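This report covers domain contacts, strand pairing and salt bridges. The sequence and the model come next.

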Amino acid sequence: LVVACPCAVGLATPMSVMATTGRAAQKGVLFKDAEAIEALSKVNTLIVDKTGTLTEGKPSLKEIQLLSPNVEQTQVELWIASIEQYSSHPIAQTLTQIVPAQQLLKVADFEDVTGFGVKGQIGEQTLYIGSQKLLEQLGITLDDTLQSQLNQQRETGNVISFLSNSQEVLAYIAIHDAIKANAQQVIQQLIDDGIEVVMATGDHEQNAQLVAKELGIQQVYGNCTPTEKLEIVKKYQAQGKIVAMGVNDAP
């Protein structure tokens, strides 16, 4: 804006804010207030999640592989779908649809174990669906043969979750979520604008590195809980960086 008198000076800032918010809204971006716009202009580090941010957030089910002789395929699929119907994670909708809605079981004491997965009680047993980190929390370890098999799945871009009870892992779930078509272009534009892009995701380190390599992201943190993401933010802030983080990722 070009201003030539005090009155115009008083109008310049609100007019520029209105123009900015209007243009942003046309592109699907909403600002809370003018201070948010000013703060955004100072950002030099952006921390992003992977699922639903860099990927489509519309995962497809590749495989449910039984790992225990004590369960059957149809039983496992029903348990998974019934528990996931209560979850808001992007993967949940895909898993809920593997059985007809009218067949879903009632789940008691459902809980979103933030950063790890979900759990719920069906009948007399408590079941867990989540990452390998969740299994570690339960004291469940995987043998080397299975680890090798899972690594091969991850090399193809598949994300692995597990169904378990408190004693053993019952099955693994292989999910594929494609990278957004414009993700590489957007990341490169941010880098060209001088913004350091960092990925911090709850997904396995191997999955995170695979996506980061394709998109040109140099700094990658996998297997992160929300608390660990907060520590990553603090780490960059301690270096004097002005950090922005997506709302769906913010601890």
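Which side chains meet in a salt bridge at 3.0 Å, N to O? They are those of Glu228 and Lys133. A salt bridge here is a side-chain nitrogen of Lys or Arg within 4 Å of a carboxyl oxygen of Asp or Glu.

## Basis of the values

The model is predicted, so local features need pLDDT of at least 70 and side-chain atom pairs count only at pLDDT 80 or more, while totals for chains, interfaces and linings use all residues. Residues are numbered from 1 along each chain as its sequence is written, and side-chain values use heavy atoms, with hydrogens and water left out.

## Domains and their interface

The domain assignment of the protein chain gives domain 1 (34-54 + 179-246) and domain 2 (60-176); such bounds come from an automatic or database domain assignment. Twelve residues from domain 1 and 14 residues from domain 2 take part in the contact, where contact means heavy atoms within 4.5 Å. The C-alpha centres of domain 1 and domain 2 are 27 Å apart. About 970 Å² is buried between domain 1 and domain 2, and carbon and sulfur atoms give 57% of that area. Buried area is the accessible area (1.4 Å probe) that two parts lose on being put together, summed over both.

Between domain 1 and domain 2 the count is one salt bridge. Four residue pairs are in polar contact between domain 1 and domain 2, both residues at pLDDT 80 or more. A polar contact is a pair of N or O atoms within 3.5 Å; within protein, one must be able to donate a hydrogen and the other to accept it, and residues adjacent in sequence count only if both atoms are side-chain atoms. On the side of domain 1 that touches domain 2, the elements giving two or more residues are helix H8 (205-215) and helix H9 (226-238). Helices (H or I, at least four residues) and strands (E, at least two) are DSSP runs, numbered from the N terminus. H8 gives the largest share of that side, three residues.

## Strand pairing

Strands E3 (residues 108-113) and E4 (residues 117-122) run antiparallel and are joined by four bridges; two strands pair if DSSP finds at least two bridges between them. Ala108 has Gln121 in E4 as its bridge partner. The hairpin of E3 and E4 has three residues between the strands, and Gly115 there takes a positive phi near 85°.

E4 also pairs with strand E5 (residues 125-130), in the antiparallel sense, over six bridges. Gln121 stands opposite Thr126 in E5, and Gly117 stands opposite Gly130 in E5. In the hairpin of E4 and E5, with two residues between the strands, Gly123 takes a positive phi near 65°. E5 in turn pairs with strand E6 (residues 158-164) in the antiparallel sense over three bridges. Leu163 in E6 is the bridge partner of Ile129.

## Salt bridges

The salt bridge count comes to six. Lys229 lies in helix H9 and Asp49 in the loop between strand E1 (45-48) and strand E2 (60-66), so the pair ties together parts that are 180 residues apart in sequence.
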